[in-house]
Amino acid sequence: MGKVAIVTGAGTGIGKYSTLALVREGYSVALAGRREELLEAVAEEAGAPERTLVVRTDVRDADSVANLFAQTKERFGRLDLLFNNAGTGAPGVPLEDLSLEQWQRVVDINLTGTFLCTQHAIRLMKEQDPMGGRIINNGSISAHVPRPNSAPYTATKHALTGLTRSTFLDGRSHNIVCGQIDIGNALTDMTGRMGGGVPQPDGTRKAEPTMDVENVARAVVYMDSLPLDANVPFITVMASSMPFIGRG
């Protein structure tokens, strides 16, 4: 049997296309997300029912995460790759106008959800034979620099960088490696609005270039193509002309 992966947020966008790419590479994949109908559609598109498992999952909920990993182990016997991709943002309003509930929701999904999934992945990877595996976190360009009015999203993505480093270090003795993929302007339903203008730090709105989301999926596959004695701790995949490198 080929490698086994879990992809969170697998029903749309980066999670969807990464799932499809992994299945094409021969992986068995557990698709996790809150909207089961979207997960089912991706699994059907993958065209490999014997190698896909749909598990409705809310990464904010510890019991829901535990069920995801239990079902994956029962169906496939082990776990080689966890792609912590599930994430969300808050309304683009000034920091002082955010509600506590809006802040907490982003923290719970982006940071606590990743932590919970990472815990379960480590436990499973430690006990399986052969021991070990890889964890990839979706960090985003926002792990480096913020957009205007994005405090919750940016704060959690910066925090993920610390979690990535800690996971990589703490997993070392168990042959568990961790890396982070920082993505800029991949064209998905969420980023389609960029062609119509995105708020800039100077108060203007400008259209921003995007790139094919398949570039991200290929990068995820590459990161896990390495043997466990090699790791890509951090990789940035971005639209070449987006406003990230440079001034203004």
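User: Leaving aside neighbours within four places in sequence, what is His120 in contact with?
Analyst: His120 touches Ala62, Val65, Ala66 and Phe69, where contact means heavy atoms within 4.5 Å. Keep in mind that this is a predicted model, where local features need pLDDT of at least 70, side-chain atom pairs count only at pLDDT 80 or more, and totals for chains, interfaces and linings use all residues. Residues are numbered from 1 along each chain as its sequence is written, and side-chain values use heavy atoms, with hydrogens and water left out.

User: Ok, and where is the place of His120?
Analyst: His120 is in helix 4. Helices (H or I, at least four residues) and strands (E, at least two) are DSSP runs, numbered from the N terminus.

User: How many residues apart along the chain are His120 and Ala62?
Analyst: They are 58 residues apart along the chain, with 9.9 Å between their C-alpha atoms.

User: At what angle do helix 3 and helix 4 pack?
Analyst: Helix 3 (residues 62-76) packs on helix 4 at about 30°, and the axes are 9 Å apart. Axes here are lines fitted to C-alpha atoms, for helices over the stretch in contact, and angles run from 0 to 180 degrees between N-to-C directions. That makes helix 3 roughly parallel to helix 4; angles under 35 degrees count as roughly parallel, over 145 as roughly antiparallel, 65 to 115 as roughly perpendicular and the rest as oblique.

User: Which residues of helix 3 and helix 4 meet?
Analyst: From helix 3 you have Ala62, Val65, Ala66, Phe69 and Lys73, and from helix 4 Leu116, Cys117, His120, Ala121, Leu124 and Glu127. By class, this contact of helix 3 with helix 4 has eight nonpolar, one polar and two charged residues. Ala, Val, Leu, Ile, Met, Phe, Trp, Tyr, Cys and Pro count as nonpolar, Asp, Glu, Lys and Arg as charged, and the others, Gly among them, as polar.

User: How does helix 4 pack with helix 5?
Analyst: Helix 4 (residues 100-127) and helix 5 (residues 151-170) have an angle of about 15° and axes 8 Å apart. So helix 4 is roughly parallel to helix 5. The contact of helix 4 with helix 5 counts 13 nonpolar, five polar and one charged residues. Among the residues that meet are Trp103, Leu111 and Phe115 in helix 4, and Tyr153, Leu160 and Leu163 in helix 5.

User: What about helix 1 and helix 6, at what angle do they pack?
Analyst: Helix 1 (residues 13-24) and helix 6 (residues 214-225) pack at about 50°, axes 8 Å apart. Helix 1 is therefore oblique to helix 6. The contact includes Ile14, Tyr17 and Leu22 of helix 1, along with Val216, Val220 and Val221 of helix 6.

User: Switching to the backbone: which residues does a cis peptide bond join?
Analyst: Asp129 and Pro130, with omega about 0°. Pro130 is in the loop between helix 4 and strand 5 (133-138).

User: And what is phi of Ser140?
Analyst: Phi of Ser140 is near 85°, a positive value in a residue other than glycine. Ser140 sits in the loop between strand 5 and helix 5.

User: Last one: which ring does the charged end of Arg172 sit over?
Analyst: The ring of Phe168, 5.9 Å from its centre. A charge sits over a ring if NZ of Lys or CZ of Arg is within 6 Å of the ring centre and within 35 degrees of the ring normal.
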